[in-house]
Amino acid sequence: MDATRMQEHGKIYNTRDLLKAEVVDLETGSVLGTVIEAILSTGKATVEFLGILPAEWHKTGLLLRTGDIVGFDESVILIPSAERLVSYTEKQIKKDFVSCSELNHLTLIDQKGQVYGNPVGVIFNQSGRIIALEAEKDLVVQMVTLSGIVAVGPRYAVVNLSPATELEAEPAQPPAREETPEPVILEAVAGEVVEAVEDDSGNGEDAPASVMYRERQIRYMLGKPSPVTLNGRSGTPVVTSGETISSAVINRLIEEGLLSQLFIALTMGRDHLASSDTEPVQS
């Protein structure tokens with residue numbers, strides 16, 4: 001597997017994708033363990049550690065600082081060497097730390113009292129800073145962008161929203177399109193692939209939550225100009241800055257695993273992405 005490609009795809013992480021991923025040592029190519037937990041600092045609003053179950057059963061639990069991740073792709077996390085893993089000790093776990101599994105059982109609310117549901121994923125950048133939470137409410141998953149975590153109690157997690165707020169409760173209306181629209185290929189759970197044409201018929205009520213969320217993402221993105229240039233595995237741009245996002249572009253983004261990166265760029269703004277996440281448009 002190409003380490004450069006993995007680094008390109010590892011700019012933004014989601015704890016939901018990282019769980020059960022194998023941790024691989026770049027020096028030896030060995031599998032060191034499996035990710036079983038993510039540990040957050042509520043005070044700094046960061047993902048501090050990943051909890052690792054060692055590949056060798058007799059070893060104690062290990063911790064990996066998120067800043068030591070080289071890249072992530074296809075359920076594999078690359079780290080420079082096994083020395084970056086440290087044995088778990090209670091001294092390393094501070095009072096403001098909370099695990100993702102604990103967070104998932106809470107209800108997410110903001111300081112105005114808006115309820116967003118149960119957190120199902122924490123999205124963070126290479127430095128560990130949390131930039132958004134995925135929250136599920138009534139079988140619909142939405143992205144809630146954060147500026148900070150106010151408090152985590154026995155039943156509720158209270159957050160401050162960033163200026164670029166979460167995707168509106170109702171999906172944006174798709175732009176006017178040609179009479180024969182291109183079908184959009186959506187990835188469903190369990191590895192299945194479903195084909196969905198944009199419509200407002202409401203026939204997707206029984207669809208899996210992940211498919212419904214993907215449909216809402218696509219509806220939101222279609223017709224908008226891309227704020228960034230994203231390159232595919234071959235180094236060729238999949239979408240360029242200023243290009244109108246069409247269903248053909250959506251299909252290419254899904255194939256390259258870049259749909260979430262473009263969605264975050266649209267909802268959070270270019271300033272929230274590291275400069276290394278984008279490529280300049282060639283004149």
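This is a predicted model: local features need pLDDT of at least 70, side-chain atom pairs count only at pLDDT 80 or more; totals for chains, interfaces and linings use all residues.
**View 1. Glycine 242 sits in a loop between a strand and a helix.** The loop that holds glycine 242 lies between strand β18 (237-239) and helix α5 (247-256). Although glycine 242 and serine 226 are 16 residues apart in sequence, their C-alpha atoms are 5.0 Å apart in space. Leaving aside residues up to four places away in sequence, glycine 242 touches Pro225 and Ser226.

**View 2. Tyrosine 13 and phenylalanine 124 form a tilted aromatic pair.** A search of the whole structure finds two aromatic pairs. In the pair shown here, tyrosine 13 and phenylalanine 124 are 5.4 Å apart from centre to centre, with 40 degrees between the planes. The pair links distant parts of the chain, since tyrosine 13 belongs to strand β1 (residues 12-14) and phenylalanine 124 to strand β11 (residues 115-125), 111 residues apart. Tyrosine 13 is buried, with a relative accessible area of 2%, and phenylalanine 124 is buried too, with a value of 0%.

**View 3. Phenylalanine 49 and phenylalanine 97 form an edge-to-face aromatic pair.** The ring centres of phenylalanine 49 and phenylalanine 97 lie 6.3 Å apart, and the angle between the planes is 65 degrees. This pair also links distant parts of the chain, with phenylalanine 49 in strand β4 (residues 46-54) and phenylalanine 97 in strand β9 (residues 97-99), 48 residues apart. Phenylalanine 49 counts as buried at 3% relative accessibility, and phenylalanine 97 is buried with a relative accessible area of 13%.

**View 4. Strand β10 pairs with both β14 and β11.** Four bridges join β10 (residues 107-110) to β14 (residues 156-161), and these two strands run parallel. Two bridges join β10 to β11, and here the strands run antiparallel. Isoleucine 109 can be followed in both pairings, as its bridge partner in β14 is valine 158, while its bridge partner in β11 is valine 115. β10 and β11 form a hairpin with four residues between them, and glycine 113 in the turn has a positive phi of about 95 degrees.

**View 5. Proline 54 is a buried residue in strand β4.** The relative accessible area of proline 54 is 9%, and because buried means under 20%, this residue counts as buried. Not counting residues up to four places away in sequence, proline 54 touches Leu32, Gly33, Lys59, Thr60, Gly61 and Leu62. The C-alpha atoms of proline 54 and valine 23, which are 31 residues apart along the chain, are separated by 9.2 Å.

**View 6. Leucine 50 and isoleucine 77 have the most contacts inside the largest nonpolar core.** This core has 35 residues, and strand β3 (residues 31-41) gives the most to it, with four residues. Beyond residues up to four places away in sequence, leucine 50 touches a set of residues that includes Leu18, Val35, Leu62, Leu64, Ile69 and Ile77, and also Glu37 and Thr66. A second, separate core of 25 residues includes Leu230, Val239, Val249 and Ile250. In soluble globular proteins, nonpolar side chains tend to be buried together.

Definitions and conventions
Residues are numbered from 1 along each chain as its sequence is written. Side-chain values use heavy atoms; hydrogens and water are left out. Rings of Phe, Tyr and Trp (its six-membered ring) pair if their centres lie within 6.5 Å; planes under 30 degrees apart count as stacked, over 60 as edge-to-face and the rest as tilted. Buried means under 20% relative accessible area, exposed over 50%, partly exposed in between (1.4 Å probe, protein chains only). Two strands pair if DSSP finds at least two bridges between them. Contact means heavy atoms within 4.5 Å. A nonpolar core is a set of buried Ala, Val, Leu, Ile, Met, Phe, Trp, Tyr and Cys residues joined through side-chain atoms within 4.5 Å.
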